[in-house]
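Visitor: Please show me the sequence and the structure, and then take my questions one by one.

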Amino acid sequence: MSDSNQILPPSDFQILGASQTHPMLNQNQIIYKSEAMHQVMGMLDRVAPSKATVLILGESGTGKELLAHAIHQRGNRSHKPFVAINCGALRETLLESELFGHEKGAFTGAYSRKVGLAEVANGGTLFLDEIGEMSPGIQSKLLRFLQEGEIYRVGGKEPIKVDIRLVSATNKELDKEVIAGNFREDLFYRVNTIMLSAPPLRRRREDVPLLVQHFLNTGENVHLNRGRRIDDEALAALTKYDWPGNIRELQNVCERLQILADGETIAMSDLPQQIVEPDQKVILDDYDATMPLHEFEKRYILKALNYFDGNKTQAANALGITIKTLYNKLHEYGEFEKYAVHSRPKSS
Ligand SMILES: Nc1ncnc2c1ncn2[C@@H]1O[C@H](COP(=O)(O)OP(=O)(O)OP(=O)(O)O)[C@@H](O)[C@H]1O
Ligand SMILES: [Mg+2]
């Protein structure tokens, strides 16, 4: 049995000490030249030395975590830990004990006392990623923590003083979540003294060539690229593309190019199909404005059944749904009887 005073470190988290660099960040370099990013970075530099809470908004892959880390590094807490936790990844009870810790015996399985991430971040920065996913219960505990500067471990009676600088991020429109009643208004104001918006890559296309050059010349597979350059046509295609997955998607494409491209320079023929032909017209041409989705689904499912001569197992496999779902759908369509028994499968 473990000693009752033993303090276990939190299990699922990321802590970066002063001298460490972010593992994903290639020396934490933020590459940009666009006016949009100049404004963001200007604001970031002004905010970093303060203790103001910062809320970073932006679509997925726009660099929110990178910005959060830069706030920490450029502030006066950089010699203390930067602790990141993803609020969307853990269910409520687990998030609470990760964040605030728990006492021994607080719940089944709490064999020893555990220090929460907020406590680990003491003196430094706590980064709450995907804060928009936080449940109402945790929202009120976080609010109390921000107001009082104290936490309670789960099952704990004693308040523990904790001094953190809070940075949060979300790809949701948090003000709309407030109106919809999903996010507490008082907490919204607390976490949002300063708001930074990470612009999507399609609104700062000037950054694409620099980022491409950066990603081709860094990372684990840099040796495979052998210092190759990308030709103008291919670079123009990358710049024109809309990047729904933003910088993360660009980074992935560059990694793929490092590994797969052959030839002396990287050319159009090396680029993934969706970038060479970002044409959505094929789908649009097929669109029938008179057909609601459920009708489309029904016809598609029945087509699959006919294709497989009524064999529901084969049809469900091909449709990527379970046989149970297929049965439910058929009941719903009133077609169950018709397909209850199937004729021989096509291929036997
Ligand atoms: N301006 C930039 N310069 C260099 N690398 C960048 C830049 N912006 C983002 N990146 C890199 O792109 C990747 C995605 O960034 P990050 O994880 O910070 O985005 P995010 O907004 O937190 O994404 P998600 O919403 O998916 O969590 C990271 O590897 C990051 O280092
Ligand atoms: Mg992130």
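Guide: pLDDT is the predictor's confidence in each residue, from 0 to 100. Two residues are in contact if their C-beta atoms, placed from the backbone, lie within 7 Å. This is a predicted model, in which local features need pLDDT of at least 70, side-chain atom pairs count only at pLDDT 80 or more, and totals for chains, interfaces and linings use all residues. Residues are numbered from 1 along each chain as its sequence is written, while chains are lettered from A and ligands numbered from 1 in the order in which they are written.

Visitor: Over which residues does pLDDT stay under 50, with 11 contacts beyond four places in sequence?
Guide: Where pLDDT is low, the predicted coordinates should not be read in detail. One stretch with pLDDT below 50 is 343–348, which has 9 contacts beyond near neighbours in sequence. The stretch with 11 contacts beyond four places in sequence is residues 17–25.

Visitor: What pLDDT does the chain average?
Guide: Of the residues, 87% score at least 70. The average for the chain is a pLDDT of 87.

Visitor: What percentage of the residues in the chain is buried?
Guide: A residue is buried if 20 or more other C-beta atoms lie within 10 Å of its own, exposed if 12 or fewer, and partly exposed in between, with C-beta atoms placed from the backbone. The chain has 348 residues. The buried share of them is 30%.

Visitor: How many helices and strands does the chain have?
Guide: Helices (H or I, at least four residues) and strands (E, at least two) are DSSP runs, numbered from the N terminus. By that rule the chain has 17 helices and 13 strands.

Visitor: Which elements give two or more residues to the shell around ligand 1?
Guide: A residue counts as near the ligand if its C-beta atom, placed from the backbone, lies within 6 Å of it. Of the 19 residues around ligand 1, Ile31, Ser60, Gly63, Lys64 and Glu65 come nearest. The elements that give two or more residues are helix H2 (64–74) and helix H11 (246–260).

Visitor: How many residues of that shell around ligand 1 are charged?
Guide: Ala, Val, Leu, Ile, Met, Phe, Trp, Tyr, Cys and Pro count as nonpolar, Asp, Glu, Lys and Arg as charged, and the others, Gly among them, as polar. The shell has 8 nonpolar and 8 polar residues. Its charged residues number 3.

Visitor: Which residues of H2 are buried?
Guide: H2 is mostly covered, with 8 of its 11 residues buried. These pack against elements including helix H1 (35–47), strand E3 (54–57) and E4. The buried residues are Lys64, Glu65, Leu67, Ala68, His69, Ala70, Ile71 and His72.

Visitor: Which residue of E7 is the bridge partner of Ala84?
Guide: Strand E4 (residues 82–86) is largely enclosed by the rest of the structure, because 4 of its 5 residues are buried. Two strands pair if DSSP finds at least two bridges between them. E4 pairs with strand E7 (residues 125–129) in the parallel sense over 5 bridges. The partner of Ala84 is Phe127.

Visitor: Which residue follows H3?
Guide: The buried residues of helix H3 (residues 92–100) are Leu95, Glu96, Ser97, Glu98, Leu99 and Phe100. E4 and helix H5 (136–148) are among the elements that cover them. The residue after H3 has a positive phi, near 80°, and is Gly101.

Visitor: What distance separates the C-alpha atoms of Val154 and His102?
Guide: Val154 is partly exposed, because it has 19 C-beta neighbours inside 10 Å. Its contacts, leaving aside neighbours within four places in sequence, include Glu96, Phe100 and His102. Val154 and His102 are 52 residues apart along the chain, and their C-alpha atoms are separated by 4.3 Å.

Visitor: Is Trp243 buried or exposed?
Guide: Most residues other than glycine have a negative phi. Trp243 has a positive phi of about 50° although it is not a glycine, and is found in the loop between helix H10 (232–240) and H11. Because 23 other C-beta atoms lie within 10 Å, Trp243 is buried.
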